[in-house]
Amino acid sequence: MQLNKNIAVSENGFIFNPVSGDSFSTNPIGQEIINLMKEQKDRKEIVKILAEKYATDAAILEKDLADFFQMLLSYQLINGHE
Amino acid sequence: MVMSKPKITVAVSGLNNIDSPGPGIPVIRALKESTEFDVRIIGLSYETLEPGLYMHNLVDKSYSIPLPSSGMDSLLQRLEYIHSKEKLDVIIPNFDAELHSFIKLGSILKSTYNIATFMPDLETFESRHKSVLYEFGVQNEVKVPKAKMIYSPSEIQQVGLELGYPIVVKGKYYDASIAATPEQAVNYFHKIANKWGLPIILQEFVSGNEVNVTAIGDGEGNCIGAVPMRKLYITDKGKAWAGISLLDEELIKITKRVIANSKWRGGCELEFIKSQKGEYYLLEMNPRFPAWVYLAVGCGQNHPEALVKMALGQKVNPFPTYESGKLFVRYSFDQIVSLAEFEKISTLGEL
C-alpha cells in the first residue's frame, strides 16, 4: 500500500488529492497511519507500531486498518498494491 | 532606477459579472495586475446593468456597443468612434456570440486603425463549434461524445434511438440539460430554442466528473499556458461558484495536443468529462477565456497578459508550470450606483 503520488497531508490531518481536487479530514490516528505510510512502512510494520504504542489487540487493529485502507482506496488516495 | 511600464489601452467586453458571469471582469483584473503593462481599460457593454460598468476601480471608461444582431457595419462604426476617443491598442472580445463579428473585423481593425486582436481565424473558430465537435475530436485525436444538430423536435425520436438515453440537450451557444426521456428532451428543446434559437444539439451522455481547462495558444501550435480546474460548488445554472486547480498531466497533454493540432490562436476553455475509467471526453471548446480565468493568474499563469503581448506582436514563451491546489471562491457584492451614472450610460451610451 502506497500513498498515491503528490497526495498532500497537512500537519492537521487535512488531505488533498491534487489530481481529483478532493480534500478530506482525518483524525489523529488516521494522520499517524498516513505518516507511517509516507515513511514507507508496510501494513505489518504499521500494525506492529500501533499495537505497541496503543496496547491494542493486533487482530482488532488489523481489521480496523483494513477498513481504513479500503476507504483510502475508494478515495483514490492509495494504490491497491501491497 | 525604476523602469515605468508601457501604457496601453485595452477594450474588453463581457462586463456581465452576474450569476452566470462573462469573463470580462476576471480578464480585466488579470490585466490590471500585469507586471509588463500599465493598462487603461475600456469596457464594452451591451446592457446598462452589466455590473462591470460601475466598477470604476477596474474599468476606466465604458461604451455601449450594438448587439451582434445589428450587423458588423454598426459595430465597426461604433468601434471607430470609441477608437477616436480612446486610441485603443487591443480589443479582447469575451462573448461567444460576438466573436464571429470581431474575427471578421480583425484585419480591418488592424490595417485601418492599428487595433490588435488575438483570435483564431474563422475556419478554426467554426471547427470547434458544438455542432461539429465530434469531427473536431477526430481531427485532434481527442474523444468527443457523439452529437447531432437538430432543427425540429420531431427529429428527437430518431436521434434518441441512435444516441440512447439519458441524452444532453444543448443550445447553440449556451445552456444544456440532461433529458431522461424523449418527452423531457422535447420539453428542453422548446425551452432552450425559445431562449437561444436554433439549432439544438443532442449529445450522447457520458457519466463522470467534469474537469475544465483554461488555456491559450499562440496560433502556431504552441500551448502558452493551461490550468485545469474542477468545480467544487455549482450554481443552479451549472456555473462554477468555487473551484480548485488540479495537477493532471494527462489533461495537460490532451490540451496541448488540441491546441497544437488546431493551431489555436487566443484564449479558450476546454470542458471535459473524466469517465470512471479515467478517460477524457471533450464536451465543449469555448473560443474565449472562461469566467474563472483569474484562477490561472492565482496559479502563476497570467493568460490575459500573455494574450495582450502576443496581440502586440511580442514573443511569449510557454509558462513552465502552475500551482495546483489553489481555489477560487466567488462572491456577490451590491454596488451602489447613482441615478446620474445609470442615466449617463442609458442615454449617452458612455460612462
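Predicted model: local features only at pLDDT ≥ 70, side-chain atom pairs only at ≥ 80, totals over all residues.
Okay, let me start with one residue: Glu62 of chain A has a relative accessibility of 35%, so it counts as partly exposed.

While we're on chain A, a word on confidence. The mean pLDDT of the chain is 89, and 96% of its residues get to 70 or more. Where's the lowest confidence in the chain? That would be strand β1 of chain A, residues 8-9, with a mean of 88, while strand β3, residues 23-25, has the highest, at 93.

Chain B is split into two domains: domain 1 takes residues 7-119 plus 335-347, and domain 2 takes 146-204. Between the C-alpha centres of those two domains of chain B you have 33 Å.

Now the sheet I'd like you to look at. It's an open one with six strands in chain B, and the order goes β13-β12-β9-β10-β11-β14, with antiparallel pairing. Why do β13 (280-286) and β14 (327-329) of chain B each have one side without a neighbour in the sheet? Because they stand at the edges, each with a single partner strand. From one strand to the next, the twist averages 30°.

Strand β12 of chain B, residues 265-274, runs antiparallel to β13(B), and six bridges join the two. One residue pair to click on: Phe272(B) has Leu282(B), in β13(B), as its bridge partner.

There are helices on this sheet too. Helix α8 of chain B, residues 249-262, packs on it and touches β9 (209-218), β10 (223-234), β12 and β13 of chain B. The direction of α8 makes about 45° with that of β9(B). Then there's helix α10 of chain B, residues 303-311, lying across β9, β10 and β12 at about 25° to β9(B).

Back to charges. How many salt bridges does a search of the whole structure find? Over all chains, 19. Two in chain B are worth a look here.

Take Asp19(B) and Lys237(B) to begin with: their side chains meet in a salt bridge at 3.3 Å, N to O. Asp19(B) lies in the loop between β1 (7-13) and α1 (24-32) of chain B, and Lys237(B) in the loop between β10 and β11 (240-245), so the pair ties together parts 218 residues apart in sequence. As for accessibility, Asp19(B) is partly exposed at 36%, and Lys237(B) is partly exposed at 47%.

Glu284(B) forms a salt bridge with Lys170(B), the closest N and O atoms being 3.2 Å apart. Glu284(B) is in strand β13 and Lys170(B) in strand β6 (residues 167-170) of chain B, so to speak distant parts of the chain, 114 residues apart. Are these two buried or exposed? Glu284(B) counts as buried, at 10% relative accessibility, and Lys170(B) counts as buried as well, at 4%. And there's a further partner: salt bridges that share partners join Lys130(B), Lys170(B) and Glu284(B) into one network.

That's my tour, thanks.

Notes: Residues numbered from 1 in each chain as written. Chains lettered and ligands numbered in written order. Heavy atoms only, no water. Domains from an automatic or database assignment. pLDDT = per-residue confidence, 0-100. Helix = DSSP H or I, 4+ residues; strand = E, 2+ residues; numbered from the N terminus. Pairing = 2+ DSSP bridges. Axes fitted to C-alpha atoms, helices over the stretch in contact; angles between N-to-C directions. Contact = heavy atoms within 4.5 Å. Salt bridge = Lys/Arg side-chain N within 4 Å of Asp/Glu carboxyl O. Buried < 20%, exposed > 50% of the residue type's maximum accessible area, 1.4 Å probe, protein only.
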